[in-house]
Amino acid sequence: MHPSFDAGTTTPIAVYRPPDRREYAAPPPESDDFEPTAAELRTAFSGAIDGRHGPHAPLMTSAMREKYDREHGKSKKQYDFIRIRVRFSDRTQIERTFPHNATILDVYDAVDHVLWTEHDHGTYVLFQSPPRRDFPRTHTTDTLRSLGFAPAAVLSIQWSNPSKNAAHIPAPIKPEYAAQARDMPAPYQASTNIPSVRPSSSDASSSDAQEARARRKFPKWFKGTGGAPSR
């Protein structure tokens, strides 16, 4: 099957430089006051209760789930375009948007279009991990949607020459594409202004009631052995 479009004339190919360091979202600050309220517990477990009667309830067939989704307006979104990033061993990445009916051969065409053919780098295979799944050029009929790449996916390159897979080997892309490389988008940073969870007034009153019951005095006739009335 011939690729459905020319790799050099459709959507442009973006090139991202290798990041200088790995960045992660900062963890939330520690707090000694982390006791959830009764309302928060009810909200947290409401999804588990609803799941017993929802579209993912046990013993529901796919036809029943589809009918439930149609009745509740929860039909699965279909993506017309799929964004694919291909990562080299030095963590340089190229990105391109493909139609949903494109195949892995179209992705290979896009990679071939940016490779610098002045040097012999050997053959390569595109793969995804974890778990590892290889997508050789022989996969000519599976669309990107059927492969589960929608709405976006990241693939890696493995060269047949092992020395080309080292992390210090620069990505062998054409100079005109290397000149257009830009930094990767900044990762999402979680807000550090996380309010502490404090008991509500209703919870406080409930705690006071429990303490009052614990201090309550019992009549003398109820003070027998084992808490039973004395005879």
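Q: Which residue stands opposite Ile84 in E3?
A: In this predicted model, strand E2 covers residues 81–87. E2 pairs with E3 in the antiparallel sense, over seven bridges. Within E3, the residue opposite Ile84 is Arg96.

Q: Which residue in the turn between E2 and E3 has a positive phi?
A: E2 and E3 form a hairpin. Five residues lie between the two strands. The turn residue with a positive phi, about 75°, is Arg91.

Q: What is the bridge partner of Ala14 in E3?
A: Strand E1, residues 14–16, is joined to E3 by three bridges. The two strands run antiparallel. Ala14 has as its bridge partner in E3 the residue Glu95.

Q: How many residues of strand E3 are buried?
A: Strand E3 spans residues 93–99 and is mostly covered. Buried here means under 20% relative accessible area. Of the seven residues in E3, the number that are buried is five.

Q: What share of the residues of the protein count as buried?
A: The protein has 231 residues. It exposes about 16600 Å², of which carbon and sulfur atoms supply 54%. The share of residues that count as buried is 25%.

Q: What share of the contacts with a separation of 6 or more comes from residues 24 or more positions apart?
A: The protein has five helices and six strands. Along the sequence they follow the pattern β-α-α-β-β-α-β-β-β-α-α. Among contacts with a separation of 6 or more, residues 24 or more positions apart account for 70%.

Definitions and conventions:
Residues are numbered from 1 along each chain as its sequence is written. This is a predicted model: local features need pLDDT of at least 70, side-chain atom pairs count only at pLDDT 80 or more; totals for chains, interfaces and linings use all residues. Side-chain values use heavy atoms; hydrogens and water are left out. Helices (H or I, at least four residues) and strands (E, at least two) are DSSP runs, numbered from the N terminus. Buried means under 20% relative accessible area, exposed over 50%, partly exposed in between (1.4 Å probe, protein chains only). Contact means heavy atoms within 4.5 Å. Accessible areas come from the Shrake-Rupley method with a 1.4 Å probe; for residues, only the protein chains shown count as cover. Two strands pair if DSSP finds at least two bridges between them.
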